Amino acid sequence: VDAVRKAAREELRRGAHAIKIMGSGGVASPTDPIWNLQYSDEELRAIVWEAESWRTYAIAHAYTPEAISRAVEAGVRTIEHGNLIDLPTARLMADRNAYLVPTLVTYSAIEEFGQSLNFPEVSQRKVRDVLEAGLTSLKISREAGVKLGFGTDLLGELHDRQSQEFLIRSEVFPPLEVIQSATITNAEILNMQGELGVISPRALADILIVDGNPLEDISLLTEQGKHLSVIMKDGEFVINRLA
């Protein structure tokens with residue numbers, strides 16, 4: 001407990017926005033099985049307390065129902081990945097107002113490109129364990145009323161596939177809900193309501209103008225900005241094809 005308190009305090013003093021906990025085994029890490037639990041209940045609560053003392057929050061990498069429920073019961077605010085979630089655990093998350101941030105595109109990308117990128121064979125096997133469960137986790141979370149944020153968790157050379165997450169999510173959610181997860185809900189997670197995810201006075205003016213209607217065709221948000229006429233960052237034009 002003392003060690004995780006020290007580690008969390010050091011990160012917060014260095015300016016960390018939040019503290020991420022490795023709540024279960026991972027795909028990219030070769031020596032821990034997916035079902036592995038990596039902190040005691042006391043350690044989890046200590047990390048959460050340190051984050052909350054800085055008026056911020058803790059998030060947890062977790063795949064299995066046990067790992068997710070332990071983190072949420074300790075006060076963790078968002079669960080990253082969550083592929084193997086079950087309905088009782090999803091209902092617990094909804095009851096505790098915890099968010100889920102699925103990252104489904106990273107598993108399909110590793111499945112497709114992992115071998116060519118020399119991804120370890122043990123990690124590629126882990127990907128297969130969680131890949132098929134991904135869409136099911138979305139359906140379960142939607143049934144339980146869990147709020148979903150938007151993430152990708154892509155590694156290195158695979159970053160250009162980030163917007164494919166929109167397409168994967170649209171197999172379960174209507175386009176509007178997918179877009180809201182990347183805008184309104186992500187702003188809530190980051191405690192930046194009114195600054196991100198909206199077009200309004202005093203917001204940061206990160207604005208896209210899409211050539212078409214993504215509520216009818218969400219693939220317009222893919223292909224590395226091919227269908228974006230304007231990209232504005234903090235009120236400044238990055239790309240302006242309308243000019």
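The following dialogue goes through some terms used for this predicted model.

Trainee: What should I know before reading the values?

Mentor: The model is predicted, so local features need pLDDT of at least 70 and side-chain atom pairs count only at pLDDT 80 or more, while totals for chains, interfaces and linings use all residues. Residues are numbered from 1 along each chain as its sequence is written, and side-chain values use heavy atoms, with hydrogens and water left out.

Trainee: Why are helix 1 and helix 2 called roughly parallel?

Mentor: Helices are DSSP runs of H or I with at least four residues, strands are runs of E with at least two, and both are numbered from the N terminus. Axes are lines fitted to C-alpha atoms, for helices over the stretch in contact, and angles run from 0 to 180 degrees between N-to-C directions. The axes of helix 1 (residues 2-13) and helix 2 (residues 41-53) cross at roughly 25° and come within 9 Å. Angles under 35 degrees count as roughly parallel, over 145 as roughly antiparallel, 65 to 115 as roughly perpendicular and the rest as oblique. Helix 1 and helix 2 are therefore roughly parallel.

Trainee: Which residues of helix 1 and helix 2 meet?

Mentor: Contact means heavy atoms within 4.5 Å. On helix 1 they are Val4, Arg5, Ala8, Arg9 and Leu12; on helix 2 they are Glu43, Ala46, Ile47, Trp49, Glu50 and Ala51. By class, this contact has 7 nonpolar, no polar and 4 charged residues. Ala, Val, Leu, Ile, Met, Phe, Trp, Tyr, Cys and Pro count as nonpolar, Asp, Glu, Lys and Arg as charged, and the others, Gly among them, as polar.

Trainee: What makes helix 3 and helix 4 roughly parallel?

Mentor: The axes of helix 3 (residues 65-73) and helix 4 (residues 87-95) cross at roughly 15° and come within 10 Å. The helices are therefore roughly parallel. Pro65, Ile68, Ser69, Val72 and Glu73 in helix 3 meet Thr89, Leu92 and Met93 in helix 4. That contact has 5 nonpolar, 2 polar and 1 charged residues.

Trainee: Why does Phe173 count as buried?

Mentor: Buried means under 20% relative accessible area, exposed over 50%, and partly exposed in between (1.4 Å probe, protein chains only). Phe173 has 10% relative accessibility, and therefore counts as buried. Phe173 lies in the loop between helix 8 (164-169) and helix 9 (175-189). Leaving aside neighbours within four places in sequence, Phe173 is in contact with Leu138, Arg142, Leu148 and Val178.

Trainee: How do you know that Ser141 is buried?

Mentor: Ser141 has a relative accessible area of 0%, so the residue is buried. Ser141 is part of helix 7. Not counting residues up to four places away in sequence, Ser141 touches Ile85, Ala90, Leu100, Val146 and Leu148.

Trainee: Which residues of helix 5 are buried?

Mentor: In helix 5 (residues 104-113) they are Leu104, Val105, Thr106, Tyr107, Ala109 and Ile110. These residues pack against strand 3 (78-81), helix 6 (121-131), helix 7 (134-144) and helix 8.

Trainee: What makes a set of residues a nonpolar core?

Mentor: The set holds buried Ala, Val, Leu, Ile, Met, Phe, Trp, Tyr and Cys residues joined through side-chain atoms within 4.5 Å. The largest nonpolar core has 53 residues, of which Val27, Val76, Ile79 and Met93 touch the most other members. A second, separate core of 5 residues includes Tyr57, Tyr99, Val101 and Ile189.
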